[in-house]
Amino acid sequence: MIGNKFNPLSGEEIELIHSSSLKVLEEVGIKVENDSAYEVFKKNKAITSGDLVKIPRSMVLDALASTPSKVVLYGRQQQHTLELEGREVHLGTGGAALNVIDMDSKEPRKATLRDIMLLAKLVENLEYVDFYIRPVVAQDVPREELDVNKYYASMLGTTKHVMGSVYSIKSFHEVKELASIIAGSLESLKRKPFISFITCWMRSPLTLDPQATEIMMEVVREGLPVVLSSAPMAGSTAPITLGGCLVQLHAEILSGLALSQLVNPGTPVIYGYVPSAANPISMDYLGGSAEFGLLNAGAVQLAAHFDLPNYSSAGLTDSKIPDAQAGIEKALSILQVAMAGGNYIHHAAGMLESMLTVSYAQYVIDNDILGMVSRILRGIEINSNSLAFDVISKVGPGGNYISQKHTARNLRKEYFFPKVMDRDLRKEWTAKGSLDLWQKANHRVKKILSDDQPPKIPEDVDSQIRKTFNILIKGH
Amino acid sequence: MELYEEIIQMMQEGEEEEVVALVKKCLSEGKDVQEIINKGLIAAMDIIGKKFRKGEMFFPEVMLSATCMHAGMKILKPYFKASSKKQPAKFVIGTVAEDVHDIGKNLVAMNLSAAGFEVIDLGTDVSPEKFVQVVKKHNPKILGMSALLTTTMPHMKETIAALDSEGLRKSKRLKIIIGGAPVDQEFADEIGADFYGNDAMEAVTIAKSIVTGKGK
């Protein structure tokens, strides 16, 4: 699917933002409290003073030249291959939420490792969710064992591309080894990476997170795909004006590109961002704001202008439950960012309460939103079949098209059919129990999860993994 | 058996020419006409009806299958009368007085004839007197009435009263089924109709159950 149908910035405005970002890097600089990153910048003739690094324009231009304009992320089935380039659109889950809304009680509870596996299974079966970022932090697993277990639980449930963050260099290597066992070897994993990494290496404004930067540099050295994700909040960690927020965001990501390309020129990195506005009352993150969609769409344009594969955000909401507010806020931001052409739009399914809570039912509801958005992106096809002169002439004035072959032959490809949106007449709706969307979505969740599907890691590979790692969830 | 499976498959896909060719092939292999209808065409429409109920097929697709059914029946018709043991059941259908909406009514009629009924279609704006007259003349098993407008629905009640005043439901064991966008079961009960059909497929299911004696 191709976006490029919504462009809030003009070409001239993109250039203005870009030159302001270059000026920020040259004149303001970034704070680097990580020694190895500091050394890399210093060795390559960035201007350093104290922990400040000022990045010259030429360093940024070199980075732009060596960053690949296309990154291919694989699934463990051919049809799940994602090509990130241009205005190509893919939509999937996101987040590191703490809570899950329980299917039965409808109350939030702490997320577990089992949730990661079950949500992966759910996503495996949702037609319009293209990839799986582990959605929750499993709170029943010790931190040292979490990374390998969360990637394992994800891959047990889905063959779609799996992405996540890691806590340490050690756990990065464990996850890499886990995926290599599944791939057969590290080489085949690198050839077709079906897992990848997110690093929140930037702590806005303009400050590298020492630990995450260390991990980012290690992933980069290995040459595995990595997202450089920056999450400035307009009004608290970035200027309140959307233009200023984009200037800072762009500068931050350019600094990351520069670092990654100095460490390993040509390594696949993805221009990533989760910008939004801060709530001027509580100063919390506002996922459901209209500005959230605008900022992400604008950032898609910035990445695309420099041929950089991007990772963007849409589908957040500030609502606590799958309600009308959630539907409105999600639909608006997903539509904006997809129409802009986000290559890898995360948070697009399942998330509530900004990034704090997920709901099983919400994934199913959002799958319908993604389906509708995909249909909108496909646009209106014009050709002799769709112009339909023959059938207009055959039916003539006063006839009807219901029994026409043209109708039967075209309806499935021309229309999108949602899975849980209600389209019944009232009498049918009543007969089926007058269910609201949340209830209907819960039914679909239970149907999918109760379906007996084989685990997505083969038994022999599974036992090999269990010999190497302390896996805390049942596989076969 | 394989030929019938192919017919069933092609009917679902709405491939009229394929269905016609397969029916001809059945005939050339000397298969019994009634068997071709039952195990091929009608078996297909049953499956299609079930798929429609489950939401696996859409209405225009069902209509395309019904077109195939018609095409198949047309091939069989010359042979049909000779081998048929019993006459098909008659079904009189029309849109009520002052109402000229006939899309739904036509769809029901088409599906009924695809299901093997002899359909006598009186068209639109059919007065109670006309319905009575036709019932007397043709002795149908079932009378179907359709209305789209809330303002013309009362004519259904008038028609039923006219039929009952002549005792036709009793003397001819006639069953009355009604349908149309604003009509529902409650209204059917209120005016004393025997059955209500929610859509064209349900109308056929009910009509079949009346004929086989499984209706209420």
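Buried means under 20% relative accessible area, exposed means over 50%, and partly exposed lies in between (1.4 Å probe, protein chains only). The structure is a predicted model, in which local features need pLDDT of at least 70 and side-chain atom pairs count only at pLDDT 80 or more, while totals for chains, interfaces and linings use all residues. Residues are numbered from 1 along each chain as its sequence is written, chains are lettered from A and ligands numbered from 1 in the order in which they are written, and side-chain values use heavy atoms, with hydrogens and water left out.

**Exercise 1. Examine the salt bridge between Arg169(B) and Asp164(B), and classify both residues by accessibility.**

Step 1. A salt bridge is a side-chain nitrogen of Lys or Arg within 4 Å of a carboxyl oxygen of Asp or Glu, and for Arg169(B) and Asp164(B) the closest N and O atoms are 2.8 Å apart.

Step 2. Arg169(B), with a relative accessible area of 18%, is buried, whereas Asp164(B), at 37%, is partly exposed.

**Exercise 2. Describe the largest cavity and its lining.**

Step 1. On a 1 Å grid over the protein atoms alone, a cavity is a set of points where a 1.4 Å probe fits but cannot get out, and lining residues have an atom within 4 Å of a point.

Step 2. The count comes to one cavity of 30 Å³ or more, and the largest cavity holds about 30 Å³ of space, where a volume is the space filled by probe spheres set on the points, which are joined across faces, edges and corners.

Step 3. Residues of the lining include Ile101(A), Lys106(A), Tyr360(A) and Trp438(A).

Step 4. Helix 12 (360-378) and helix 17 (437-450) of chain A each contribute at least two lining residues, helices being DSSP runs (H or I, at least four residues) numbered from the N terminus.

Terms used:
1 Å grid on protein atoms, 1.4 Å probe; cavity = no way out; pocket = protein on both sides within 12 Å on 5 of 7 lines; lining within 4 Å.
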